[in-house]
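Visitor: Hi! Could you walk me through this one while I have it open?
Guide: Happy to, let's look at it together.

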Amino acid sequence: MLRVAVVGSGPSGCYTAQGLVERDASVRVDVIDRLPCPYGLVRYGVAPDHEKIKSLQNNLRSVLEHERVRFLGGVRVGGPGGLPAARLRELYHAVVYCVGAATDRRLGIPGEDLTGSWSATEFVSWYSAHPDAVDAGFLRDADSAVVVGVGNVAVDVTRMLARGATELSPTDLPAAALTALSASRVTEIHMVGRRGPSQARFTTKELRELGALPGTEVVVDPEELALDPACADPAALPAAQRRNVEVLRAWAEAPPKGAARRIRLRFFLRPVELLGAAGGRVAAVRFERTAPDGRGGVTGTGRYEDVPARLVLRSVGYRGTPLDGLPFDDATGTVPHREGRVLRDGEVASGEYVAGWIKRGPTGVIGTNRPCAKETVASLLADAPALVREPVPGDVLAALRAEGVEPVLWAGWLAIERAEAELGAALGRSVVKLPDWESLRAAARTAGA
Ligand SMILES: Cc1cc2nc3c(=O)[nH]c(=O)nc-3n(C[C@H](O)[C@H](O)[C@H](O)COP(=O)(O)OP(=O)(O)OC[C@H]3O[C@@H](n4cnc5c(N)ncnc54)[C@H](O)[C@@H]3O)c2cc1C
């Protein structure tokens, strides 16, 4: 019997567990997560109003309910008070790290840490009810917002800022976030990219959704489109970019609707400084106008524009963080590997693997993690005959408990789900997420009651 620990219950962890148990009937997998709740960014990243994508949780759920898969929530690997990676390696024949890439990249400009300037990660974590999130009063006194970045996460946070109570209350948004977003007075949202419209990373489906928001209009400056040489002849662009440009062009040509809220999509603007008002809160973002450099990049022009903003959300990408006891490539923010096998000083480390964002960096959609996990599973199973000869404890749970680690088992997670449904019913809504450690732990404990 091959015993494998998968660390992380997001898409890559679940797809890894699935691949292992489907390909080999003698494998048992423990999926370990530092949170008492499974599914990683599908629960704590995918926007609450994207119910169809959220429902992918049902596919991941069937993996975690497989008879040879066990969920061990609330167990952090590495870090202060966490289970050391070396100890985990002793408990299993193999360990697959699927820990994601949960930190945001920084802009590295003056004023970035002013009150009112947050990473999209912080904002997303708050409205997703991540128990580590802080209610930072994101929307307090804010009538204007700047979202820096033009990827799908930037579109998500822009859309969440523009949604009203009617659309948000059927979602699983935690109560405090629903109250704050419903009462929002933000009427001007600038979403800004430093390069041209044809280089934006958002997908057309997500982009189009902005144009369908009730009470909101999307404004695109035709002059900014004209700055992008690729927009002059979009037919030459790859299909995805061409569709984006067509949508943006239609908005640029549309007459103003006079809607209560405006989303302004801006291009060729590079943030250089966040400007503060008295009291230390951000008041504006200073951008430098950029221009195509002829090699696919942009160059500064020395011309500046200040865009008023009481709220700034920085969405310029994610990054992995080192996990104690595992090698880490600081340049890429990933764990060095060969076909999923962890490399220590360039050599394959026996029984240690990676999959998902921590393996290949924070790119791609949920489905991209499936082939990524498949490669890792193939490597692990090829190594299995040697790995399975190592002695491991028969009862890992007993070994963990002896070391003071008390995991939240699947029944505990089901109890959390029940508590979220009950909270929703009490508030006259559907499911409402529990937003803090205390209430999650208390709900999980009722499983044993
Ligand atoms: C804001 C946001 C929105 C997104 N929206 C979409 C979308 O709409 N559609 C789409 O297709 N893709 C979307 N994505 C991309 C998608 O979420 C990722 O491709 C996917 O989640 C990556 O999977 P992963 O398993 O590598 O990491 P994650 O999903 O991040 O899972 C990592 C898991 O590891 C756990 N973990 C981390 N460290 C430890 C530790 N030390 N010990 C134990 N456990 C640990 C975490 O708690 C987490 O559960 C979005 C991404 C973001 C950031």
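What follows is a chat about the sheets, a helix contact and the salt bridges of this model.

Guide: One note before we start: this is a predicted model.

Visitor: Good to know. Let's start with sheets. What is the strand order in the open sheet of 6 strands, and how is it paired?
Guide: The order runs E6-E14-E7-E8-E10-E9, and the pairing is parallel.

Visitor: Which strands stand at the edges there?
Guide: Those are strand E6 (117-119) and strand E9 (216-220). Each has a single partner strand, so one side of each is left without a neighbour in the sheet.

Visitor: And how much are neighbouring strands turned against each other?
Guide: By 20° on average, with direction ignored.

Visitor: Can you zoom in on one pairing? How many bridges join E7 to E14?
Guide: There are 4 bridges between strand E7 (residues 144-148) and strand E14 (residues 311-314), and the two run parallel.

Visitor: Which helix lies across E9 and E10?
Guide: That is helix H13 (residues 239-253), which runs at about 100° to E9. Strand E10 covers 261-266.

Visitor: Now the sheet of 3 strands. Is its pairing parallel or antiparallel?
Guide: Antiparallel, in the order E11-E12-E13, and this sheet is open. Strand E11 (269-276) and strand E13 (298-308) stand at the edges with a single partner strand each, so one side of each has no neighbour in the sheet. The twist averages 25° from one strand to the next.

Visitor: How many bridges does E12 make with E13?
Guide: Strand E12 (residues 282-292) pairs with E13 over 8 bridges, in the antiparallel sense. Along that pairing, Thr-290 stands opposite Gly-300 in E13.

Visitor: I see a glutamate in E12, Glu-288. Is Glu-288 buried or exposed?
Guide: Glu-288 counts as buried, because its relative accessibility is 10% and the cut-off for buried is under 20%.

Visitor: What does Glu-288 touch?
Guide: Leaving out residues up to four places away in sequence, Glu-288 touches Phe-268, Leu-269, Arg-270, Val-272, Gly-300, Thr-301, Gly-302, Arg-303 and Tyr-304.

Visitor: How many residues of E1 are buried?
Guide: 5 of the 6 residues of strand E1 (residues 2-7) are, so E1 is largely enclosed by the rest of the structure.

Visitor: Change of topic, helices. At what angle do the axes of H6 and H9 cross?
Guide: At roughly 115°, with the axes of helix H6 (residues 120-127) and helix H9 (residues 175-182) coming within 8 Å. That makes H6 roughly perpendicular to H9.

Visitor: Which residues meet there?
Guide: Phe-123, Trp-126 and Tyr-127 from H6 meet Ala-176, Ala-177, Ala-180 and Leu-181 from H9. By type, the contact of H6 with H9 has 7 nonpolar residues, no polar and no charged.

Visitor: OK, charges next. How many salt bridges are there?
Guide: The count comes to 33 salt bridges. One of them joins Glu-420 and Arg-43, with the closest N and O atoms 2.8 Å apart. Glu-420 lies in helix H17 (residues 410-426) and Arg-43 in helix H2 (residues 41-44), so this pair ties together parts that are 377 residues apart in sequence.

Visitor: Are those two buried or exposed?
Guide: Glu-420 is buried, with a relative accessible area of 3%, and Arg-43 is buried too, at 3% relative accessibility.

Visitor: What about Glu-112, what's its salt-bridge partner?
Guide: Arg-106, with the closest N and O atoms 3.7 Å apart. Glu-112 is buried at 2% relative accessibility, whereas Arg-106 is partly exposed at 48%.

Visitor: And where do Asp-156 and Arg-159 lie?
Guide: Both are in helix H7 (residues 152-162), 3 residues apart, which is about one turn of the helix.

Conventions
Residues numbered from 1 in each chain as written. Predicted model: local features only at pLDDT ≥ 70, side-chain atom pairs only at ≥ 80, totals over all residues. Heavy atoms only, no water. Axes fitted to C-alpha atoms, helices over the stretch in contact; angles between N-to-C directions. Parallel < 35°, antiparallel > 145°, perpendicular 65-115°, else oblique. Contact = heavy atoms within 4.5 Å. Nonpolar A, V, L, I, M, F, W, Y, C, P; charged D, E, K, R; others polar. Salt bridge = Lys/Arg side-chain N within 4 Å of Asp/Glu carboxyl O. Buried < 20%, exposed > 50% of the residue type's maximum accessible area, 1.4 Å probe, protein only. Pairing = 2+ DSSP bridges.
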